[in-house]
Structures are given as structure tokens and as C-alpha cells.
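Keep it short and grouped by topic.

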Amino acid sequence: MVRVSGYQLFATTVLFQLGTTVIFGFASPAGRDAWIAMLLSAFIGMFMILGYIALMNMMPGLSLVEWFPKQFGPWLGIPIAWFYPLLFIYDAGRGISDLKELVPLTLLPGTPTWVILGSMMLVIMYFLSSGVEVIFRFAGLLFPIIFFLFVAEILLLLGSRNVHFDNLQPLLGEGWGRVWKTVWPFGILQTFGETIEFAMLWSFLRKPGQLAGINIIAVLVTGVTIAVFDMLAIMVLGEGVFQRNIYPLLVLLRQLSISDFLDNLDALGVMYFMTTIFLKISLHLMTAVLAIQKLTSAKSLRLPILIVTVTTLWIGSNMARNVTDHIFVGTRILPYNLWIPLFIVIPAILLMVAWIRKKAGTAL
Amino acid sequence: MGPTLSGNFEADLAFFRESFDRSSDIVFKELLVCDGYRGIIIFIDGLVDVSLVDMHIITPLLHGRSQLELKLNEQVKHHNVQAILQKSIVSACQSKLESEMHTIVSAITNGDTILILESSSEALIFDMKGREARAVEEAASEPTIRGPREGFTEKLRTNTSLLRTRLKTNKLKMEPLTIGDVSNTDIVIVYLDGVAKTELIDEVRTRLGRIKIDAILESGYIEELIEDNTYSPFPQVLSTERPDRVAAALLEGKVSLLIDNTPFALVLPITFLGLMQSPEDYYQRYMISTATRWLRYWLAFIALTFPSLYIAVTTFHQEMVPTNLLLSIASSREAVPFPAIIEALLMEITFEGLREAGIRMPRPVGQAVSIVGALVIGQAAVQAGIVSAILVIIVSFTGIASFIFPSYSLGIAARLLRFPLMFLAGTLGLYGILLGLLVICIHLLRLRSFGVPYLSPVAPLSLNNLKDTLFRVPWRNLIHRRRGIGE
Amino acid sequence: MSEYLWPWQSHVFILHPWAISIMFIVLSLLLSMISWFKKK
């Protein structure tokens, strides 16, 4: 039986939530108040996650896809449950599409896309077939390394002469309007709504009582980290660049030069960013695979893994015609169409139903 | 129950003569024990200390005749001549009675001496082994500056004694067994009772019991037959020539296997970080050891990735290199007709070839080879424009770095994995290196050695054990024995 | 009509945002049949 330690869950959650924000920055439409938007999103997101945890506690030992059949019955519950692995696969596809844009831009301009993405998917397949425990161990291993690199980056940036605190001001000069526009719905849902995926994994935790605590600390860490990076990016690059550039944090890295010797470090930065995307995509797919396994009572994970990886590769490759479309969908449309119903509305209904049931004392 | 001694002297003797026909080293010494009683001593010359046989079997038998006659007359009806001999006449200290033919034949091939008397249904087996063996010398493959200079030899008994002197406790258990249908190699399972987990010991016994092979010629055979994953390039069992290393491992609850005819003992289970430790770490002062450890980890990473990084950066990511360096690399590569990856592969393969050849080189010729290597490959190749000077530096530094591994098998794994990484670097640049490192990382994370995750104590995280991995903490803080492996 | 077949693609998603929701519902019903069948 897979047994995961509190630290491992924490590390995995944080790295998952950091995900793609490490290059894209977070809440850039909010301009120089993006960091405020981040902190707000984290705060509200935390309550949302606590909601998911409440559901977890009401149906102990059950994973996400088992919640719906339990509360809504098999005829309604199972189709609803199936939405989730489909969404996770789509989200993984989005991650692949991000890679498709990023890698030729920064690392390998000449290489054909299918080689870049195909090789990544092979590694992901290997990763998935190693089992859930390996994924958690990997995150546990990676976490200190990534954070060490983050701290190094922050220190180096602060040490260079490019940091201008006044770029942050005037604080909230444009008012709360644009901050709120970024927080809802995108800000909360992007990082924290996606955490509902972890409801497939929470049953592996060795000490279930720690669940809430770990998630709160994780959200705190994620929130502060991203906010700090947003702040740094704004301080160094200025609001304009931050808002308009697709990969502001990458531009940020390019500004780094260590005693005029090592510069143009964005290639290295892309490497560690790539590791977080790798982990996020793998987690999307692992949760999808686990969900499929539960829903089809499959014995081995091999077939689901194969199907899922191939599907993801396919949809990820032909998803975006260009980067602008891709981002537009991701920030303006996707949250409304898929995320709100699946991350907020349906779980909320579920929560109410479960609570009412509990109160009424009936068990199903 | 196989055939046993019949008591018919002629028949039994004929059986043995036939079993060992066409063997020039088998000795059949016939005796007349006392009037009427014929006896035969059988042993294999070369495996037996003949002077002991002379002194303790033949002499008492021949000179103690009168005593024997006396005793025999008293117990004429007793056919237990052998017992008398064993207890009163013959002065050898290790002996036993045996009647099954197969066992007796095994005993002879094992180097024991047999004494059979007429009309007895049992043979006496004496252990008077004495064969030529190497003296105890320094472990050739694992020298240290500070530390004992005793290494295991090919004799099992010597090796067990080297462990006994270090752990003088009756809790040190040595379970014997034999593996190999033809070789019948003696193997000893060594562990500290109470420290090593019983499940581990049971698992070791089970896996050893499952082995079906005709001969065990070296511990490497056993290593491959009992390890968790044969397809991994990484060793899951530690092989070492140093008794101090084994003793330290035993104290941590690990199990060791001593195998006859090879000085390489096996220690299991082992983790990646355990393989990266040298026993010398504990003999030197702790600050030096900590620094050396860090150096080792860093050089290990270099040994694995340095050539790949060179290939990736010069082929795909030239903008990362500072301009001055870039210009000098470009100029040194100007004359080279190959792309970076071919150049690097050529050099690396040549280097590996030199290294392999160096192992088999007879001593006097060895000097010539190093000169040939340095001059021809290094200097001349650069001047001929086949490789660039920068690459020679990189390859040599990588070569030096690859000697940093305290465990030779782990070093081989790193050397081997260098090549796929170079291919990946040549095709997909830094992205390829990252993918390669990810694959290696995932592989290490799923690998287990007898149930212990290979990357403990880093993943899964165990802070208590971690302090001994990253740093070498002073002894005062290490007093709590490691909880990862044993109790 | 053929462009409705690939609703995850961004250009389709922008023009017809509900297409993917419909696809999800259809797929989920189809896949649920596997679950219902297995549960018997």
C-alpha cells in the first residue's frame, strides 16, 4: 500500500501549484498590483481547498471520483465523475501546448515539435508507470533543489542594480478593479481550483489528520513565493513589460548576470521551469489515470497510462494555432466554461448534499 | 538415503578408486592398523596439509598399535572401531563419522581426509585442510590513506577471521551454505543478531536458496542472482575487499555474504548514498570528511554530465557562454571537421579504450601506454585537427572525476550513462540532458535494494539519517545508531 | 460542422466555447457505460 508522508504531500502540492506560474507570472493583467492579486487569490483559494478537504472528511477513504456516485447515486454520479479525468487530460494537454511554445522559443529553435513533445511524453510515461509513490518521492527530492534555486535567483536579482522599488507604486493606483478581475475567476481557479485533483491522492496520506494543516501551509508557501516573484519582476522590468510579455519571469532571468561572467541564464531557468511543468503534467495525468482505474475497475494501470499519454500528446500538439489564442482561451474562456462548473459549482452542490444527508442521518 | 559404506572393504575401496580415477592428485594410503585390520586414508593432495595427516592420523595409528590391540580385544564384538579410533587413538581435533557415499565423496573434494577401516560401516572424516593462498594484503581496489591495510583474501576462513577480530561478540553470526552444483562453493551469511532485521535475513536466505547454477566463481554471480533489478546499471549490492567496511555495515544492520575463492564480499542492502561513502570518511576529521563528501558529490555529477554539457552548449546554446570563452572555443574548434557530438564521442570512446587496455596491460608495458595515450591522443590529435584542445581538457577532467567513486561498480554505471546523455545532448541540447537526468532520477527513485528505496534517506526523507549523508557529523552526534536499516 | 469535432483547439474554443462542454458530456456518458457495465 502506498503510504505518503506529510512532507511529500506538501512538496508535491506546492510544486504543482507553482506549476506554470514560474514562467508565465501570475495575474499579469493586474499590472503592478499583481502580487496583491496573488495574495488575495491564495487567501480565497485556501478556503476553496478547505472545502474540498471538508468533502474528503465527510467521505473518508474515498477519492474524488468516488464521491459523486456515493452522494448522487450511480446513474448521475458516474457521468459526473467522468468529467474530471477528461478535464485533467485536457489540462495536461494545455501543459504540453505550453511546452510546445516555450521550448522552440528558448532552447531548440530547429527541432521538430513532435520530437520535443514525444520525448517528453515518453519520460512522463515512464514516470507514471513507476507508481504514485515515486511521484511523491520525486517531488520530495525536487522541492529543496527548486527552492534553493529560487532563493539564489532572488538574492542575485536583489544584488544586481536593476531593482526599482518605485515600480510598485502607486499601490493600487488603478483601484481594486483590475485586481479583482484577475482574482476572480482565474486567479483562484488556476492554481487552487486545480488542487481538487489532489483529492484523488489524499487517501494515500499516512496520517489523514494532517491534511488540512499541510494544505494551508502549502497554499501559504505558494502564495508568498509567487507574490515575491511577481514583485521582483515588476520591480526589475516595470509594469509595462510585465503585463505585455508572455513570459515575464523568463525575461527576468535574462537580466541576471553574475559578475559579468555568466549571463543569458534563461536557458537554465527554462530547465528548472520545465521540471515543474513536467511534474504538473505528470500529476494531471496520474490523477486522470487513477480516476479511470477507479471508474473502470481496471486491474493494471498500463492501458490507462498508454491511452492517456497518447491522447494528451495528440490534443496538446494540435491545440493551439498560436500562443495568443492559447493564452486567451486559458485566461478568459476556460475558467468560465469548464473550471467554474467543475471546481466550484458541482463540488458546492456535492458539499450541500453530503451535509444535508449527514444532518438527516441517512447513509447511502 | 544414497548408497552407504557396505563394510566390504574391497568393494568400498573399488568404489572410491573408480570415483576418482584419472585424477593424479588423489592419494590412497593403505595401512595395516593392527593385525587383520586394514585401513585406507584418502585425500586430495594440494587441498590437505599432509604434515598434519602424518602427525595426527598415520603416526598414532602406526605407533599406537599395542594400545589399540588391547582395546580391540576387549571389545571384539563391538564393531565400533571407528569410535575408538576417533576418541582415543587419533589425535586430530576436528572429525566426524559418516556412512553415506555422496557425503564422503563431497568431503574428499572439499579437502577433507577420510579414514576407512575394514569391516566398518562408517568412515572417519578429518578436517586438515591446508592449501596455498595469498597472504593478507592491502585491498587492491580500495586503497585509503588512513585505515587498516588488510583486505580479504580468497580463503573463506581467513575472511571470517578478519571479521571476527573486528566484532568480538558472539552476536556475530555466520551461517554457512553451499551453492553451485558443480562448484559447491562455500558461502557464509554474516550478520549481527539483534541488529539486522529478521525479515532481511530471511529474504537473503530465500533468495540464495532459489539459486540454481552449476558454479559460483565470483561474488558477482551471486550479486546478479539475488539483486532486485538486474536490468539497472546501478549496483544494488555493495562489493568490497575491505573488512572494516563490512564490519561498519554489519553494525548498521546490514547483511554480508562471504564467498570462497574471491576476496570480494557482498554487503546488502545498499543505497546510492551508501555507495558514495568511503570508510575513510570516518577515520579522518569530520570537517575534512564533510568537505570531501561534497567534493565527491559534485565530481560525480561532473563525471556524468560534463561532456554532455559541452556538447549541448556548443551546439545549441552558444549564447550562454561568456564571449571570451566562446571565441576561444570557436577558434579551437575551427579546424575540427566533426560536429561537437562526434568529436566528443570519439574522444570518450578512446579514453574508455585506454582505460580498459590499461587494466590488462602487463606491468612493464604500462608505462609505454600512458605515454602513447598522452602524446598520441592528446597532443597529436589536437594538432592534427581531429579534436579540439578544449575537448581534451573536458574528457580528461571527466576521466579524473570518474575515479572519485568509492564503489567501482557505481563508477561504471556513471561512465556508462555518460554516453546516452551525450547522445541526448547532441540531439536535443539542454532539453535532452534534462530529459536524460529525469529518466535517471525516476529510475533511481523506483529502484530498491532488498526492499530499501535506493535513494534513502533523501527520498523518502529521513532527516535523522540525512545528517550523516550530507555532512559527516562528529561522532558525538552519531551515537544513535542508524534507524533506517536495522533496529 | 467538421470544426466542431475538435473543440479543445483554441480557435474552436474561442468561437464556440460551449462545444467542449458538450463533448465532455457526450464522452462522459459514453465512458460511463463502461463503468456501469463493469459494475454489474
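The points below cover confidence, chains, domains, backbone and cavity.

This is a predicted model, where local features need pLDDT of at least 70, side-chain atom pairs count only at pLDDT 80 or more, and totals for chains, interfaces and linings use all residues. Residues are numbered from 1 along each chain as its sequence is written, chains are lettered from A and ligands numbered from 1 in the order in which they are written, and side-chain values use heavy atoms, without hydrogens and water. The model scores ipTM 0.89 and pTM 0.87.

**Confidence**
- pLDDT is the predictor's confidence in each residue, from 0 to 100.
- Chain B averages a pLDDT of 83, and 87% of its residues score at least 70.
- Chain C averages 80, with 88% of the residues at 70 or above.
- Within chain B, helix α3 (residues 65–74) has the lowest confidence, at a mean of 61. Strand β9 (residues 255–259) of chain B has the highest, at 94.
- Helices (H or I, at least four residues) and strands (E, at least two) are DSSP runs, numbered from the N terminus.
- Residues 481–487 of chain B stay under 50 in pLDDT. The model has 23 contacts beyond four places in sequence for them.
- Where pLDDT is low, the predicted coordinates should not be read in detail.

**Chains and domains**
- Contact means heavy atoms within 4.5 Å.
- Two pairs of chains touch, and chains A and B have the most contacts.
- Chains B and C share no contact; their closest C-alpha atoms lie 26 Å apart.
- Chain B is divided into domain 1 (9–126), domain 2 (156–270) and domain 3 (285–453). The bounds come from an automatic or database domain assignment.
- The centres of domain 2 and domain 3 of chain B, taken over C-alpha atoms, are 34 Å apart. Their contact takes 19 residues from domain 2 of chain B and 16 residues from domain 3 of chain B.

**Transmembrane annotation**
- An unreviewed UniProt entry places "transmembrane region" at residues 297–316, 388–409 and 421–445 of chain B.
- UniProt positions are given in the numbering used here, feature names are shortened, and annotations may be inferred rather than shown by experiment.
- Residues 388–409 of chain B are 73% helix and 0% strand, with end C-alpha atoms 31 Å apart.
- Residues 421–445 of chain B are 100% helix and 0% strand, with end C-alpha atoms 18 Å apart.

**Backbone in chain B**
- The peptide bond from Leu268(B) to Pro269(B) is cis, with omega near -10 degrees. Pro269(B) sits in the loop between β10 (265–268) and α10 (272–275) of chain B.
- Ser456(B) to Pro457(B) is also a cis peptide bond, with omega near -5 degrees. Pro457(B) is in the loop between β12 (452–453) and α17 (463–470) of chain B.
- Asn184(B) is not a glycine, yet has a positive phi of about 45 degrees. Its loop runs between β6 (172–179) and β7 (185–192) of chain B.

**Cavity**
- A cavity is a set of points, on a 1 Å grid over the protein atoms alone, where a 1.4 Å probe fits but cannot get out; lining residues have an atom within 4 Å of a point.
- Grid points are joined across faces, edges and corners, and volume is the space filled by probe spheres set on the points.
- The count is one cavity of 30 Å³ or more. The largest cavity has a volume of about 40 Å³.
- Its lining includes Leu18(A), Thr21(A), Phe229(A) and Leu249(A). α9(A) gives the most to this lining, with three residues.

Conventions
1 Å grid on protein atoms, 1.4 Å probe; cavity = no way out; pocket = protein on both sides within 12 Å on 5 of 7 lines; lining within 4 Å.
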